[in-house]
Amino acid sequence: MSDATAGVTTHWRARPAHEFVSSQLGADYAVYHRPSGRTHFLNAAAADLLERVLLQPRTAAAAAAELAAGEGAPGSAEFVAVVAESLSRLEYLGLIERCEP
Amino acid sequence: MRVVGELGQAGFAERLRGQGLGVRLGPFDVKVRSGIAAIEAPLYGLYRDYPLLDDERTFSMHLQLTAARAFPRLDRATVRLLVDGRAPHEDLPRGQALAVLEWGINLVIALRAHSLLMLHSGAVERGGSVMLFPAWPGSGKTTLCAALVHRGWRLFSDEFGLVRPSTIEVLPIPRPMPLKNESIDVIRAFAPEAELGPAIPNTRKGTIAHVKVPAASIRASAHSAAVRWIVFPQWVAGASLRCEEMSKADAFLMLATNAFNYEMLGEAGFAAVHRLVTAAACYRLVYSDLAEAVRLLNEMAANDASGS
């Protein structure tokens, strides 16, 4: 889900850890979101955003750089766009939120 | 504990028409009354091995079948199901009374048993381990269960995988298995020793005939067991036998989607499904030949037993 209001300076952070339970299932993750009672399936990168990268406020570019560094791969504009898309999706699911830097 | 058969067929019919028949179906104590004479003999045949209950108890559900007439077509004989005195759905043709009772029991369990994770699943046991067959109607789970219980497996249920949420234990609720349409002759040919109730034509699911549960499965129905295999079956006409291991994520998604009450249980449901798919080996089974599928599942159980 793309969001035109999410600009390059928008900062994101994960919702408090007590709001969800995450379980690894092979390469994927099942996440139970306590406030909504819904279960979501995330790939490893989205789970990494939720559980590590977005423990502190990050822009899409900063989050993409951290993810890329974790993978030992260089980031790119295309990768930042993919991460921005993921952030909008995670926000829609209630797993992350916009915040002040 | 006494069994229903000790009443004899006449005593059984008298209970149904009068005070009601108290019978234990796995974790549920059920009281049944019926004013439909035509179902007394087949119902006795299907239920004669179940534990008979006295009236000095609280029953999980009270079901009653009463004769009715269709309005305005008063020449059409119908049957009304009452659950705790109330009709949960419209009257149905009286010739389907036996199926109406069985559907009614399923309905009450699905609506009420929320202390358990309820999977829409067949479940059979061998060597102390349970194999689940989670599937939607038409996938062949009842046929598979009916076949396997005539090849040495114990029936837990052809319809419900009742899982205690904090464990991977399944509770047995062995009940008559409603074969549909072509499956009736398939099981007659596969297991000639199987006892079947009368064929009930023109139901919403076609023709139905119930397979009696082997007495050994009923006698053991107080004994739960842990899940070891989760097999998602799919009967496909003409398909070659295929059994592929599934990813845990796919199995989680399919199992959660398949449960009657996953969302209602909330986090307990999430934890229960996670526990099941991580503890069990998960497979997708496609088959068209019942004997081939049964052979494969028997081998799976035997190999696991020899490897453990």
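## Two domains in chain B

In this predicted model, 25 Å separate the centres of domain 1 and domain 2 of chain B, taken over C-alpha atoms. The domain assignment places domain 1 of chain B at residues 4-112 and domain 2 of chain B at residues 117-307.

Where these two domains touch, 17 residues of domain 1 of chain B are in contact with 22 residues of domain 2 of chain B. On the side that belongs to domain 1 of chain B, the helices α2 (40-47) and α3 (97-112) of chain B each supply at least two residues, and the largest share, six residues, comes from α3(B). Sorted by class, the residues on this side of domain 1 of chain B divide into 10 nonpolar, five polar and two charged.

## Overall form of chain B

The secondary structure of chain B comes to 10 helices and 17 strands. Its radius of gyration is 19 Å, close to the 19 Å that the globule rule gives for 308 residues, and chain B is therefore as compact as a globular protein of that length. Along the principal axes, the C-alpha atoms of chain B fill a box of roughly 55 × 40 × 40 Å.

Of the 308 residues of chain B, 44% count as buried. If one considers the contacts in chain B with a separation of 6 or more, 71% of them are accounted for by residues 24 or more positions apart.

## The contact between the chains

The contact between the two chains takes 11 residues from chain A and 12 residues from chain B. On the side of chain A that touches chain B, the elements that give two or more residues are β2 (20-25), β3 (28-33) and β4 (38-42) of chain A. By class, this side of chain A has five nonpolar, four polar and two charged residues.

## A helix in chain A

Helix α3 of chain A, residues 77-92, has 16 residues and reaches 23 Å from its first C-alpha to its last, which is close to the 22 Å expected at 1.5 Å a residue. Within α3(A), the residues V80(A), V83(A), A84(A), S86(A), L87(A), S88(A) and L90(A) are buried, and what covers them includes β1 (11-14), α1 (44-51), α2 (60-71) and β5 (96-99) of chain A. After α3(A) comes G94(A), whose phi is positive, near 85 degrees.

In helix α7 of chain B, residues 248-258, the buried residues are K248(B), A249(B), A251(B), F252(B), L255(B) and A256(B). These residues cover an arc of only 160 degrees around the axis, so they lie on the same side of α7(B).

T278(B) is found in helix α9 (residues 267-279) of chain B, and with 16 C-beta neighbours inside 10 Å it counts as partly exposed.

## Two asparagines with positive phi

N181(B) is found in the loop between β12 (177-180) and α5 (182-190) of chain B, and although N181(B) is not a glycine, it has a positive phi of about 50 degrees. With 15 other C-beta atoms within 10 Å, N181(B) is partly exposed.

N202(B), found in strand β13 (residues 200-203) of chain B, has a positive phi of about 65 degrees, although it is not a glycine. N202(B) counts as exposed, because it has 11 C-beta neighbours inside 10 Å and the cut-off for an exposed residue is 12 or fewer.

Note on methods:
Residues numbered from 1 in each chain as written. Chains lettered and ligands numbered in written order. Predicted model: local features only at pLDDT ≥ 70, side-chain atom pairs only at ≥ 80, totals over all residues. Domains from an automatic or database assignment. Contact = placed C-beta atoms within 7 Å. Helix = DSSP H or I, 4+ residues; strand = E, 2+ residues; numbered from the N terminus. Nonpolar A, V, L, I, M, F, W, Y, C, P; charged D, E, K, R; others polar. Rg over C-alpha atoms; globule rule 2.2 N^0.38 Å. Buried ≥ 20, exposed ≤ 12 C-beta atoms within 10 Å, placed from the backbone. Arc of directions from axis to C-beta. Expected span 1.5 Å × (residues − 1).
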